[in-house]
Amino acid sequence: MYREIKALALRLLNRPPISASTVDKPPLPFAYGFQEQLIRIQGVQVFVRTLGSRSNQAVMCWHGFARNGSDFFTLAHALADDFFVICPDTPGRGNSEWMAADQYEFPLYQILAVDLLKHLNISGRAHWIGTSMGGALGMMMASNPTTRHLIDRLVINDIGPEVPEDAIERIREYASETHYFADLDEARAYFETIYASFGDLSNDEWDRLVVHSLRRLDDGRLTQHYDPQILARFGGVQNPALAWTMFSSITSRMLVIRGMESDILTASILDRMIDSALFVEKLDVANTGHAPFLNSHEQIQCIRSFLTK
């Protein structure tokens with residue numbers, strides 16, 4: 001399997017940067033059954049993977065800060081028999097277009113999410129599964145009076161209304177460091193270290209994570225597959241009072257998943273979330289930090305049960 005992935009990776013990593021001139025090119029490899037497309041929304045090309053029948057209820061899966069939609073491969077396949085699963089790459093990440101530094105902020109992401117649902121003709125309410133940044137975006141969507149009608153059930157993966165400053169600084173530190181790799185083996189060793197807190201990934205899952213976390217530079221080296229400028233608006237001044245007020249206004253049923261070793265979603269913040277809103281369930285994931293990869297049998301079954309009961 002690893003040799004096959006290496007061979008396909010060469011095709012993926014030698015693909016030129018996405019621009020207006022590449023929008024009509026064929027889908028990327030590694031589709032794994034997904035339909036893949038570039039959609040222009042608000043003047044920005046957003047790369048989207050979908051899986052499942054459009055006749056089923058939609059599930060929007062939105063990834064973490066420096067990640068991309070490929071993180072949901074395992075979960076999407078587990079849900080696709082019953083749901084229409086949507087996994088976008090946020091602009092500046094993965095195969096979506098890069099933007100000006102001052103555009104990387106939540107208000108635009110909310111607009112993109114709304115327009116993406118419209119573009120895909122999602123007429124009913126969609127479930128939302130969000131990891132880290134994606135979970136924060138989901139809470140904003142579910143609490144905003146103009147968008148809350150779009151959200152059915154909300155799965156929040158390892159994020160709360162506020163984040164400890166030490167944890168923000170940790171993410172800023174590793175995400176701001178540009179790393180260069182000579183080959184996939186070197187890159188995999190790096191990603192297995194910084195993402196060890198994701199929990200237990202299979203060999204194939206690590207292979208896919210590595211390939212979709214990289215882009216090839218003109219000099220042949222590999223580097224992280226996101227725009228370094230996404231950090232320009234990261235970790236601004238928090239307003240905990242407002243954030244908790246918004247969270248407490250959410251009427252959607254929520255499942256909050258926490259890595260028990262997480263420094264982002266602490267046990268005390270999770271307890272307060274349960275006490276602050278109407279319908280909050282929780283899943284604690286042992287031997288995992290920030291953020292659970294949503295790939296284990298326990299995590300998938302809990303999510304499926306929550307979405308279907």
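Figure 1. Helices (H or I, at least four residues) and strands (E, at least two) are DSSP runs numbered from the N terminus. The structure is a predicted model, in which local features need pLDDT of at least 70 and side-chain atom pairs count only at pLDDT 80 or more, while totals for chains, interfaces and linings use all residues. Residues are numbered from 1 along each chain as its sequence is written, and side-chain values use heavy atoms, with hydrogens and water left out. Between β7 and β9 (residues 222-224) the view shows two bridges, the strands running antiparallel. Within this pairing, Y180 stands opposite T223 in β9.

**Figure 2. The eight-stranded open sheet is shown with its parallel pair β5 and β6.** In total the chain contains ten helices and eleven strands. The strand order in this sheet is β1-β2-β4-β3-β5-β6-β10-β11, and the pairing is mixed. At the two edges stand β1 (35-41) and β11 (280-285), each with a single partner strand, so one side of each is left without a neighbour in the sheet. Five bridges connect strand β5 (residues 126-131) with strand β6 (residues 151-157) in the parallel sense. The residue facing A126 across this pairing is I151 in β6.

**Figure 3. G134 is shown in its buried setting within helix α4.** Helix α4 spans residues 133-143 and includes G134. The relative accessible area of G134 is 0%, and G134 therefore counts as buried (under 20% relative accessible area; exposed is over 50% and partly exposed lies in between, with a 1.4 Å probe and protein chains only). Leaving aside residues up to four places away in sequence, G134 is in contact (heavy atoms within 4.5 Å) with W62, H63 and W128. F106 lies 28 residues from G134 in sequence, with a C-alpha to C-alpha separation of 9.9 Å in space. Across the chain of 309 residues, 54% count as buried. Of the contacts in the chain between residues at least 6 apart in sequence, 74% join residues at least 24 apart.

**Figure 4. The largest pocket is shown with its lining residues, F106 among them.** A pocket is an open set of points, on a 1 Å grid over the protein atoms alone, with protein on both sides within 12 Å along at least five of seven lines; a cavity is a set where a 1.4 Å probe fits but cannot get out, and lining residues have an atom within 4 Å of a point. Grid points are joined across faces, edges and corners, and a volume is the space filled by probe spheres set on the points. The volume of the largest pocket is about 960 Å³. Its lining comprises 34 residues, and those nearest the centre are F106, A136, M140, G235 and Q238. At least two lining residues are supplied by each of α3 (106-119), α4, α5 and α8 (240-248). Helix α4 gives the largest share, five residues.

**Figure 5. The largest cavity is shown with the residues closest to its centre.** Four cavities of 30 Å³ or more are found in a search of the whole structure. The largest cavity has a volume of about 250 Å³. Among the 22 residues of its lining, R67, T131, F198, H290 and A291 are the closest to the centre. Helix α5 (residues 165-176) contributes the largest share of the lining of this cavity, namely three residues.

**Figure 6. The second largest cavity is shown together with helix α7.** This cavity has a volume of about 60 Å³. S70, D71, F73, T74, E205, R208, L209, H212 and F293 line the second largest cavity. Both α2 (73-79) and α7 (203-212) supply at least two of the lining residues, and α7 provides the largest share, four residues. Helix α7 is largely enclosed by the rest of the structure, because eight of its ten residues are buried. These buried residues are E205, W206, D207, R208, L209, V210, V211 and H212.

Methods
Pairing = 2+ DSSP bridges.
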